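Here is a briefing on one structure, grouped by topic. Look over the sequence and the coordinates first.

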Amino acid sequence: ELLVSAGELGRDYEHCLELQKKLDDFGSDLTVDDARIKSVNKLADRLVLQAKLDTKDVLDKRKTMNERWTNLQEALKAYRGRLAGALEVHAFNRDCDDTNDRIKEKAKAMSSEDYGKDLASVESLQRRHEDMERDMTAIVAKLEALGTEVETLVHKQPNMAESIQQKQVEVIENWEKLNDHAEARKEKLAASYQLQKFLKEYKDLNTWMSDMVGRMTSGDLAKDVAGAENMLELHNERKVEIEGREESFKALRTFGET
């Protein structure tokens, strides 16, 4: 009776399971007690038939005992139902906490200030970011499942509706923050990629120009017609190469201006 009257529903999922186990053990004891109750009732019947004692006193005591026994069984059944409902809510809360932990783990990664120091590292970070975004789709599926569970629990446990819905709100708010972090990081990585691409092309063009200037200013002048023709042909080849780079210079200039 003390266990049932306390009405404890558990601090968390594990504690609630412990209470259920205690209740199951208590239920096993009731089987023995039920046999004793039946035995006492039979004894009372015999005493009444024999009329050796005050039958009214016997009947009153039997009635009181049976009423307490019935009340205990009904209270036990009701408590078992409340405990089962509480276990569902604790399981829901645990799922919410686990989902929150996953969200916070992703948010921490999304909060990194590392946007790459060169083109290769930026591309690596972008691939990692895409992997995390794919992982986030699993969280979306979990959020949908939790939303369905909320509707069921609120219907089954209306007295706990506020705490259940508040738990859902907490998860959704953290999810929205994660989405904001993900979008912001994606944009910053894209900007970093463009910058590193610009710097690489700038470096490549500078290296090419230095090499071209070096080739054009090195060597002696031709000493005869054949040598002059060869140098002119080489010069024309270099001119074509320079003209071929014109679009690269224009694109780089346009990017730098924007």
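Which side chain meets that of lysine 167 in a salt bridge? It is the side chain of aspartate 97, at 2.9 Å from N to O. This is a predicted model.

**Salt bridges**

- The structure holds ten salt bridges. Three of them follow, starting with the pair just named.
- Aspartate 97 sits in helix α3, and lysine 167 sits in helix α5, which covers residues 161-217. The pair therefore ties together parts that are 70 residues apart in sequence.
- Aspartate 97 counts as partly exposed, because its relative accessibility is 32%, and buried means under 20%.
- Another salt bridge joins the side chains of glutamate 14 and arginine 94, at 3.8 Å from N to O.
- Glutamate 14 belongs to helix α2 (residues 13-50) and arginine 94 to helix α3 (residues 55-110), so this pair links parts that are 80 residues apart in sequence.
- Glutamate 14 is partly exposed at 43% relative accessibility. Arginine 94 is partly exposed at 35%.
- Aspartate 131 and arginine 134 also meet in a salt bridge through their side chains, at 2.2 Å from N to O.
- Both residues are in helix α4 (residues 119-156), three residues apart, which means about one helical turn separates them.
- Aspartate 131 has 37% relative accessibility and counts as partly exposed.

- Lysine 167 is found in helix α5. Is lysine 167 buried or exposed? Lysine 167 counts as buried, because its relative accessibility is 19% and the cut-off for buried is under 20%.
- The 2.9 Å approach between the side chains of lysine 167 and aspartate 97 also counts as a polar contact.
- Leaving aside neighbours within four places in sequence, lysine 167 is in contact with Phe92, Asn93, Cys96 and Asp97.
- Lysine 106 lies in helix α3. Lysine 106 is buried too, with a relative accessible area of 16%.
- Lysine 106 touches Met132, Asp135, Ile139 and Leu178, not counting residues up to four places away in sequence.

**Nonpolar cores**

- In soluble globular proteins, nonpolar side chains tend to be buried together.
- The largest nonpolar core here has 18 residues. Phe92, Ile103, Met110, Met136, Ile164, Trp175 and Leu178 touch the most other members.
- Which elements give two or more residues to this core? They are α3, α4 and α5.
- Helix α4 supplies the largest share, seven residues.
- Phenylalanine 92 is in contact with Leu146, Glu149, Val150, Leu153, Ile164 and Lys167, leaving aside its neighbours within four places in sequence.

**Helix α4**

- The end C-alpha atoms of α4 are 56 Å apart.
- The buried residues of α4 include Leu119, Val122, Leu125, His129, Met132 and Met136. Ile139, Leu143, Leu146, Gly147, Val150 and Leu153 are also among the buried residues of α4.
- What covers the buried residues of α4 includes α3 and α5.
- At the start of α4, a side-chain oxygen of aspartate 118 comes within 3.3 Å of the backbone nitrogen of alanine 120.

**Cysteines**

- How many disulfides are there? The count comes to zero.
- Cysteine 16 is in no disulfide. The nearest cysteine sulfur, in cysteine 96, is 16 Å away.
- Cysteine 16 is buried, at 0% relative accessibility. Cysteine 96 is buried as well, with a relative accessible area of 1%.

Notes. Residues are numbered from 1 along each chain as its sequence is written. Side-chain values use heavy atoms; hydrogens and water are left out. A salt bridge is a side-chain nitrogen of Lys or Arg within 4 Å of a carboxyl oxygen of Asp or Glu. Helices (H or I, at least four residues) and strands (E, at least two) are DSSP runs, numbered from the N terminus. Buried means under 20% relative accessible area, exposed over 50%, partly exposed in between (1.4 Å probe, protein chains only). A nonpolar core is a set of buried Ala, Val, Leu, Ile, Met, Phe, Trp, Tyr and Cys residues joined through side-chain atoms within 4.5 Å. Contact means heavy atoms within 4.5 Å. A disulfide is a pair of cysteine sulfur atoms within 2.5 Å. The expected span of a helix is 1.5 Å times one less than its number of residues. A polar contact is a pair of N or O atoms within 3.5 Å; within protein, one must be able to donate a hydrogen and the other to accept it, and residues adjacent in sequence count only if both atoms are side-chain atoms.
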